[in-house]
Amino acid sequence: MALSFPDACEKPHFDRGSFRVDLPKGKIFATLLEADLSVNLMLTPDEQDMLVEAEPELFSKIPNKWGEKGATKMALPACDDATARSAIAMAWRHAVPPRYL
């Protein structure tokens with residue numbers, strides 16, 4: 001699903017697969033940990049708060065400094081496609097240079 005976004009590519013990132021925007025200054029917008037079927041999304045703290053409050057069974061704050069900056073865990077087994085696509089799109093928009101939006 002993450003690779004369906006424009007200019008998205010997948011590259012290794014430590015023990016995870018990372019999804020990045022393959023453009024100058026493109027950034028990681030999501031990482032996948034297959035072992036626990038979760039995705040970490042790079043969101044804003046406000047987006048994180050909104051998702052965690054709305055669906056705490058799907059979304060949780062990463063318990064570290066990245067989490068303070070908006071890094072949010074999404075539990076894949078409990079997540080429907082529409083919700084996952086919407087959350088990934090939020091993260092993707094932050095990774096794309098503004099001139100590409």
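Student: How many of the five residues of S4 are buried?

Tutor: This is a predicted model, and S4 is mostly covered in it. The cut-off for buried is under 20% relative accessible area. Of the five residues in S4, the number that are buried is four.

Student: Which residue in S4 is the bridge partner of Leu 33?

Tutor: S3 and S4 are paired in the antiparallel sense, over four bridges. They form a hairpin with four residues between the strands, and Leu 37 in the turn has a positive phi of about 50 degrees. Across this pair, Leu 33 is bridged to Ser 38.

Student: And in S6, what is the bridge partner of Leu 41?

Tutor: S4 and S6 run antiparallel and are joined by five bridges. In S6, the residue bridged to Leu 41 is Thr 72.

Student: How many residues apart are the salt bridge partners Lys 73 and Asp 36?

Tutor: The closest N and O atoms of Lys 73 and Asp 36 are 3.3 Å apart, and the two form a salt bridge. Lys 73 belongs to strand S6, while Asp 36 lies in the loop between S3 and strand S4. The pair therefore links distant parts of the chain, given that a salt bridge needs nitrogen and oxygen within 4 Å.

Student: What is the total count of salt bridges?

Tutor: One of them is the pair Lys 73 and Asp 36. The side chains of Lys 61 and Glu 68 also meet in a salt bridge, at 3.2 Å from N to O. Lys 61 is partly exposed at 40%, whereas Glu 68 is exposed at 54%. The count of salt bridges is two.

Student: Arg 16 is buried; which side chain of opposite charge is nearest to it?

Tutor: Arg 16 sits in strand S2. Five of the six residues of S2 are buried, so the strand is largely enclosed by the rest of the structure. A salt bridge requires the two atoms to be within 4 Å, and Arg 16 has none, its nearest side chain of opposite charge being 4.3 Å away. That side chain belongs to Asp 15.

Student: Which residues does Arg 16 contact, leaving aside neighbours within four places in sequence?

Tutor: Arg 16 is a residue of strand S2, which pairs with S3 in the antiparallel sense over four bridges. Leaving aside those neighbours, the residues in contact with Arg 16 are Lys 11, Thr 31, Leu 32, Leu 33, Ser 38 and Asn 40.

Student: What is the bridge partner of Glu 10 in S2?

Tutor: Strand S1 and S2 pair in the antiparallel sense over six bridges. Two residues lie between the strands of this hairpin, where Phe 14 takes a positive phi near 55 degrees. In S2, Glu 10 is bridged to Phe 19.

Student: And what is the bridge partner of Arg 20 in S3?

Tutor: S2 and S3 form a hairpin with six residues between them, and Lys 25 in the turn has a positive phi of about 65 degrees. In S3, Arg 20 is bridged to Ile 28.

Student: Which residues of helix H1 are buried, and which exposed residues are on the face turned away?

Tutor: The buried residues include Glu 47, Gln 48 and Leu 51. They cover an arc of only 100 degrees around the axis, which puts them on the same side of H1. The buried residues pack against strand S5, helix H2, strand S6 and helix H3. The face turned away from the buried side carries the exposed residues Asp 46 and Glu 53.

Student: How many disulfides does the structure hold?

Tutor: Cys 9 counts as buried at 15% relative accessibility, and Cys 79 counts as buried at 13%. The number of disulfides is zero.

Conventions:
Residues are numbered from 1 along each chain as its sequence is written. This is a predicted model: local features need pLDDT of at least 70, side-chain atom pairs count only at pLDDT 80 or more; totals for chains, interfaces and linings use all residues. Side-chain values use heavy atoms; hydrogens and water are left out. Buried means under 20% relative accessible area, exposed over 50%, partly exposed in between (1.4 Å probe, protein chains only). Lys and Arg count as positive and Asp and Glu as negative; His and the chain ends are not counted. Contact means heavy atoms within 4.5 Å. Two strands pair if DSSP finds at least two bridges between them. A disulfide is a pair of cysteine sulfur atoms within 2.5 Å. The arc is that of the directions from the helix axis to the C-beta atoms.
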